[in-house]
Amino acid sequence: MTVELIRGQNHPLPETRLEIRVSAGQPIAAGVTLNDERGRMRDATWIAHPASPRLPGVEVSKQAAADHRLAVDLDALPAAVHRVNVLLALPTGVGGPTSFGAVAPPTAAVTGLDGAAIVSYHIVDLDAESAVVALELYRRNDAWKVRAVGQGFAGGLTAMLRDQGLPEAEELAATINAAVASGMARAVAPAPPPPPAQPSQPGRPVAGDATGWSMDERLYNQVWGMFEDLARATAAYRSAVDFADSRMDRELDGVLSDPRNRVGPVADAARAKAQAKRAQLVDQARAALDRDVAQLVAESEVVEPALPPAYARWDNPCWHAYKIPDEVPMALRLGDLSLPEHVGLRIPMLMRMPLQRGLWIDSGRGGGGMEAALHDSEDLRRRAAETATAIAARLLAVHPADGLSVRVIDPTGSVGGLAPLVEAGVLAEPPAVGEAGVTATLAGLTQRVDLVQMAIRSGAGDALPPDIDLAEQLLIVRDFPHGFDDRGVTHLRYLADEGASVGVHLMIIGDREDARAYGPLLDPLWRALLRVTPVPDDHLADPWVGHAWTYDPGLPPQNSQIVPRILRQVAAARQTTQP
Amino acid sequence: MSLNLSKGQAINLQKADGGTLTAVRMGLGWQAAPRRGLFGTRTREVDLDASAVVFADKQPVDVVFFQHLTSDDGSVRHTGDNRVGGAGQGGDDEAILVDLQRLPVHVDQLVFTVNSFTGQTFAEVQQAFCRLVDETNGQELARYTLTGGGAYTAQIMAKVHRQGGGWQMTAIGEPANGRTFQDLLPALIPYL
């Protein structure tokens, strides 16, 4: 039967091999000191503590814990030992509680080897103390007894050890504390609390932070992720603003519907209140949008410089280290996209390669965009040609040498903005001029599409005539529909519909107004092509929420020689591979 | 550690480390109860549908259900219709993902409902539950088990609403009747 001791009470011990169990609500260090007949420690070796857990007849645990089992064999102790003190101490310097007053009272119990408790003692009434002598086992007339001591020391281990007559108390206490602290650091005790979380503080963005097998794919997915995020964040903002507006209208209607309230201070107050409510919600929405946009801007700042040439802006330094690639990239940058809420944030517009749709570079004011109105038609035509050149140059640059043949149909023969392509010598043949040229080029390409389709359908790729150019084809049509007759237009529609799947791509530069004579017959052709504008214009919709995005072709900076340089490099590579 | 909610109980969706939740998934799972009868082995399939109705100022502004899988702003997404249930045997049969951070600021409540599209009452459903999972780490935050399925065809499960700077979830667990969420809208109003 267990005897509950109160402070100062003693009890005889029937055995000499004992276990002392200590339990506390949280990790504490336990130790044992030995005293001689005068109640003093003979020297610093008369203590078992976490840094030195064994003495003859005594064993304590090496680390702080909420539960301890100390083993004591009283017969094995040196004969000079008359008293065994069981001491407990709170770990210092680990951020836990610093006094026993702040924790649940610990319990010490003495048990025999069979596990039956002989006595137990709740060490209550502790306050500012950080170390305590819990029990003492002492020799009395050749028998051992236990006494509940509960003597606390506000000065901690140092004070306790000094009380037992140890001159080097301070050093020893420091050793013990260090051992306990390093034991805690090994995370036997509860792990240190995690660093305080910073809510809504996303980590620094990293380029390529998306799924994919290659860096190209990861960057591609990341850019699309940014595109979607911006679309969604803006949609959230717009819907909140719409909601705020409609709620304000509703509340104002409510005020106005009662004739008595239409004028006067009541109406003014209600109106002011409704407006304030709207302003508050719009401010909140704006704050949320700003937070998201700031995150995307930060992401854009790390992603843009990391992009490979196929995805990069023309002013990206990667173009200066350009090399002819070995394979076609996943996608191609056709320009930049932005929304009016934050024009500074431009998302690369990446299209999968090979292009599934032809491009229509709009040299007219068909869209009626604000920007287009600022340029005269001559200027627009020149910019359209420049845009076509830049996109064609990019396409050539991302294909392996001889991977892409570019043909130009230029019925009016005014090379103009396409000059860099012609001068660099990257065209498969000189620009087709006049009606005869148009017909010949279209017939050649149509035949190619037809033959390749047949070969694919019948699985007879090796039966193609040897003079077929198996490289991808890009046909640039200048000033459409000049020089085209009905036959030519039909050929072109055939190429637009069937060409992309067998590697024949169209790029038409034209003004829809000029083709008005054809009536609605050409509408399907325009619709089949992706409209690209030489000046910023908001005609592109995203696939998620359908915002109108402003497209900017992202032309090279003025006076930049990067496009001619890249084209010369492409032409040089071509000459070395051709016999 | 997951918390089993009882009807009307609310929990704060704050993480243990003080951070706020950013994305949660409301998962719904069920199994058709075995039937007695002439063809006892023939289990009748039950099609339950999870929907989330998005409210601002007690006005429904958007809804996510099997015919409109993504909210207009993209912050609430339904993973798709499951018309038989019970496939996962404890997994979620239908799930709705909510990006709490991206919800437009005017949205202040989301109510999750379950409807029996095929018209069976909840008496023919067993082991139905709805649970809220922290989507960032897959930890279950709260689980609400439908008990005592009765002669009703819909259940208003729970709502997630703004509370101070964060979000709170309240289990509602009220029976109702209706084939899709539209039938439930009047019944939702008292719980907003």
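**An enclosed strand and its setting**

Author: A:Asn85 stands opposite A:Glu136 in E11(A). This is a predicted model, in which local features need pLDDT of at least 70 and side-chain atom pairs count only at pLDDT 80 or more, whereas totals for chains, interfaces and linings use all residues. Residues are numbered from 1 along each chain as its sequence is written, and chains are lettered from A and ligands numbered from 1 in the order in which they are written.

A:Asn85 lies on one side of strand E8(A), together with A:Arg83, A:Leu87 and A:Ala89, while A:Val84, A:Val86 and A:Leu88 lie on the other.

E8(A) is joined by 7 bridges to strand E11 (residues 131-140) of chain A, and the two run antiparallel. Strand E3 (residues 17-35) of chain A also pairs with E8(A) in the antiparallel sense, over 7 bridges; pairing requires that DSSP find at least two bridges between the strands.

Elsewhere in chain A, an open sheet of 5 strands has parallel pairing and the order E16-E17-E18-E15-E19. Strand E16 (404-409) and strand E19 (530-532) of chain A are at its edges with a single partner strand each, so one side of each lacks a neighbour in the sheet. From one strand to the next, the twist averages 20°; angles run from 0 to 180 degrees between N-to-C directions, and axes are lines fitted to C-alpha atoms, for helices over the stretch in contact. Within this sheet, strand E15 (residues 359-362) and strand E18 (residues 504-510) of chain A pair in the parallel sense over 4 bridges, with A:Ile361 and A:Ile509 as bridge partners.

Chain A also contains a helix pair: helix H3 (residues 215-256) and helix H4 (residues 265-306) pack at an angle of about 175°, their axes 9 Å apart. H3(A) is therefore roughly antiparallel to H4(A) (over 145 degrees; under 35 is roughly parallel, 65 to 115 roughly perpendicular and the rest oblique). The residues of their contact comprise 25 nonpolar, 4 polar and 10 charged, where Ala, Val, Leu, Ile, Met, Phe, Trp, Tyr, Cys and Pro count as nonpolar, Asp, Glu, Lys and Arg as charged, and the others, Gly among them, as polar.

As for confidence, the mean pLDDT (the predictor's confidence in each residue, from 0 to 100) of chain A is 84, and 94% of its residues reach 70 or more. Within the chain, the lowest confidence is in helix H5 (residues 370-373) of chain A, at a mean of 65, and the highest in strand E13 (residues 331-339) of chain A, at 93. Residues 194-200 of chain A have pLDDT below 50. Where pLDDT is low, the predicted coordinates should not be read in detail.

How values were computed. Two residues are in contact if their C-beta atoms, placed from the backbone, lie within 7 Å. A residue is buried if 20 or more other C-beta atoms lie within 10 Å of its own, exposed if 12 or fewer, and partly exposed in between; C-beta atoms are placed from the backbone.
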